[in-house]
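Here's a quick tour for anyone meeting this structure for the first time. Take a look at the sequence and the model, then read on.

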There are 2 protein chains.
Amino acid sequence: MNNSEGIKCDCQVIHEEVVFKVRKKMPKEESLNQLADLFKVFGDSTRIRILWALSEAEMCVCDLAFLLNMTQSAISHQLRLLKQARLVKNRKEGKMVFYTLKDAHVKRIFKQGMIHSEEKKEKEQDYEKREKRNNSIKT
Amino acid sequence: MNNSEGIKCDCQVIHEEVVFKVRKKMPKEESLNQLADLFKVFGDSTRIRILWALSEAEMCVCDLAFLLNMTQSAISHQLRLLKQARLVKNRKEGKMVFYTLKDAHVKRIFKQGMIHSEEKKEKEQDYEKREKRNNSIKT
DNA sequence: TGAACACTTGAGCATTCATTCATATGATAT
DNA sequence: ATATCATATGAATGAATGCTCAAGTGTTCA
């Protein structure tokens, strides 16, 4: 067995077949890091709100600050991140800078997340009822 | 104008029409928070790798620890988060606990992210070339 | 030229969070 | 019972990160 990985693992491996099969198909580390970084950008409520707003209309920094009730500085900092992540682009007009979403992907990622998020909410009540007696692992 | 929002905004609002139109359509704060929280879970490379692995096969904690070359404890902590977020479920078998993805949404969210992430990479070279002279805002 | 405004940016601060370490739980086997 | 193994978990630590504050850039307008 190749021991170049799994060094930190403080237990015996049980299912080598599965593990090696999965490892073979594993995307490059860099790919998954990139993916995580993308989601990280979506993982903040300020940025989510900015993105949502921009999915509705082009807006300048001031507009966003007012809409979200935050300082213009805070918004600007976040827009910087969003731009680095290539999720938004901007256009200058006089003193103002207008931001829009960079492409349709953003909306699509959004939508997928929303679907999951809402389905979860719907099931919330049912779940609450069963929670105590019916955990997959008894607590 | 209703001043109950936009208090922190330290600048005059320029585009009231747009802002109010967007505000009217704005989802409930709670909805967007929930969405951000969902993406937050995806926004970590360890969790992404766990999710990816589980999208390929059911695995126990040890398997994951070995596959990802991390301590069993670290994996376990992350699995706890993933379970709380309802992204994975588990099944006990003797001493072992096997984890799988909870539903197909996870894969779909994944895929959308991957599409964006990879498209970005493809454009990387082009972008690099133009970067210096052709920014939407001159730096 | 200089005042006003939209925006950006760097430093500082407080909070969040991922991992580690030590320990606990719970199952199996001897 | 006791030892062992898989897993879980609480506390601690160091790193990452969001916001604020103060200062800077660049544009318009007088």
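What follows covers the contact between the chains, then a group of strands in one of them.

Keep in mind that this is a predicted model.

Let's start where the two chains meet. Chain A puts 82 residues into the contact, and chain B puts in 82 residues as well. The size of an interface is often given as the accessible area lost when the parts come together. For chain B and chain A, that buried area is about 7,700 Å², with carbon and sulfur atoms giving 65% of it.

What about salt bridges? The rule finds 2 of them across the interface of chain B and chain A. One of these links B:Lys25 to A:Glu56, whose closest N and O atoms sit 2.9 Å apart.

On the side of chain B that touches chain A, helix H6 (residues 104–131) of chain B supplies the largest share, 15 residues. That side of chain B is made up of 41 nonpolar, 18 polar and 23 charged residues.

Now over to the strands of chain A. Strand S3 (residues 96–101) of chain A is mostly covered, with 5 of its 6 residues buried. Here is how S3(A) pairs up:

| Strand of chain A | Pairing with S3(A) |
|---|---|
| S1 (residues 59–60) | antiparallel, 2 bridges |
| S2 (residues 88–93) | antiparallel, 6 bridges |

Within S3(A), A:Phe98 is the bridge partner of A:Cys60, while A:Tyr99 is the bridge partner of A:Asn90. The hairpin of S2(A) and S3(A) has 2 residues between the strands, and A:Gly94 there takes a positive phi near 65 degrees.

Definitions and conventions. Residues are numbered from 1 along each chain as its sequence is written. Chains are lettered from A and ligands numbered from 1 in the order in which they are written. This is a predicted model: local features need pLDDT of at least 70, side-chain atom pairs count only at pLDDT 80 or more; totals for chains, interfaces and linings use all residues. Side-chain values use heavy atoms; hydrogens and water are left out. Contact means heavy atoms within 4.5 Å. Buried area is the accessible area (1.4 Å probe) that two parts lose on being put together, summed over both. A salt bridge is a side-chain nitrogen of Lys or Arg within 4 Å of a carboxyl oxygen of Asp or Glu. Helices (H or I, at least four residues) and strands (E, at least two) are DSSP runs, numbered from the N terminus. Ala, Val, Leu, Ile, Met, Phe, Trp, Tyr, Cys and Pro count as nonpolar, Asp, Glu, Lys and Arg as charged, and the others, Gly among them, as polar. Buried means under 20% relative accessible area, exposed over 50%, partly exposed in between (1.4 Å probe, protein chains only). Two strands pair if DSSP finds at least two bridges between them.
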